[in-house]
Amino acid sequence: MFSGKARKKSSGKTGPAAELLVFGYACKLFRDDEKALYHEHGRHLIPWMGDSHIQIDRYDGRGHLHDLSEYDAEHNSWNRNYNLSEEEARIEALCDEERYLALHTDLLEEEARQEEEYKRLSEALAEDGMYNTVGFQYKSDYYDPSQPTEEEDQQKGKDDKGI
């Protein structure tokens, strides 16, 4: 229970708990079971615009909105009188498809499917003999840029014989 005294902030904590600041004020609570049940059952709510299925609190701002038609998108749109050409409508549909893709498609599953399809395509091309994967060989005779190559050795040998 809150004692009314402020506690000192401990500086030893780190992490998300160190960023949390909680404070409060002392108050007196009056127990009124009848009023609590009244609010629990929603009897304090009033029907919105005569619709008994939509109940709102008397302080709800929606109570001041009696005619919502001026806020509807089709009536209060910036381009209400603008008609799109067929090409613009097609482009807009493509943009909407891309814009709302994540709403109806699991993007991670789609990425995994595309990766699997790419692997199958690579294997099919490899079977034709034109494109093959090359296995990596773990040999110690790899290219070292600090060492001369075979061509440089041959060139050096020719130069030494010529001198």
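Colleague: Which residues gather in a patch of negative charge on the surface?
Modeller: First, a friendly note that this is a predicted model. Glutamate 150, one member of the patch, sits in helix 5, residues 150–162. Its relative accessibility is 66%, so glutamate 150 counts as exposed. The patch of negative charge is formed by Glu150, Glu151, Glu152 and Asp153.

Colleague: And what is the area of the nonpolar surface patch that includes Leu21?
Modeller: Leucine 21 lies in the segment before helix 1 (33–40). With 70% relative accessibility, leucine 21 counts as exposed. Together with Phe23 and Tyr25, Leu21 makes a nonpolar surface patch of about 470 Å².

Colleague: How many disulfides are there?
Modeller: A disulfide is a covalent bond between the sulfur atoms of two cysteines. Cysteine 27 is exposed, at 63% relative accessibility, while cysteine 95 is partly exposed, at 36%. A pair counts when the sulfur atoms are within 2.5 Å, and by this rule the number of disulfides is zero.

Colleague: Which helix holds both glutamate 115 and lysine 119?
Modeller: These two form a salt bridge, glutamate 115 with lysine 119, their closest N and O atoms being 3.8 Å apart. Glutamate 115 is partly exposed at 45%, and lysine 119 is partly exposed at 42%. Four residues and about one helical turn apart, glutamate 115 and lysine 119 lie in helix 4.

Terms used: Residues numbered from 1 in each chain as written. Predicted model: local features only at pLDDT ≥ 70, side-chain atom pairs only at ≥ 80, totals over all residues. Heavy atoms only, no water. Patch = residues over 30% accessible without salt bridge, like charges linked within 9 Å, V, L, I, M, F, W, Y side chains within 5 Å. Areas by Shrake-Rupley, 256 points an atom, 1.4 Å probe, with all protein chains shown as cover. Salt bridge = Lys/Arg side-chain N within 4 Å of Asp/Glu carboxyl O. Lys, Arg positive; Asp, Glu negative; His and termini not counted. Charge placed at Lys NZ, Arg CZ, Asp CG, Glu CD. Helix = DSSP H or I, 4+ residues; strand = E, 2+ residues; numbered from the N terminus. Buried < 20%, exposed > 50% of the residue type's maximum accessible area, 1.4 Å probe, protein only.
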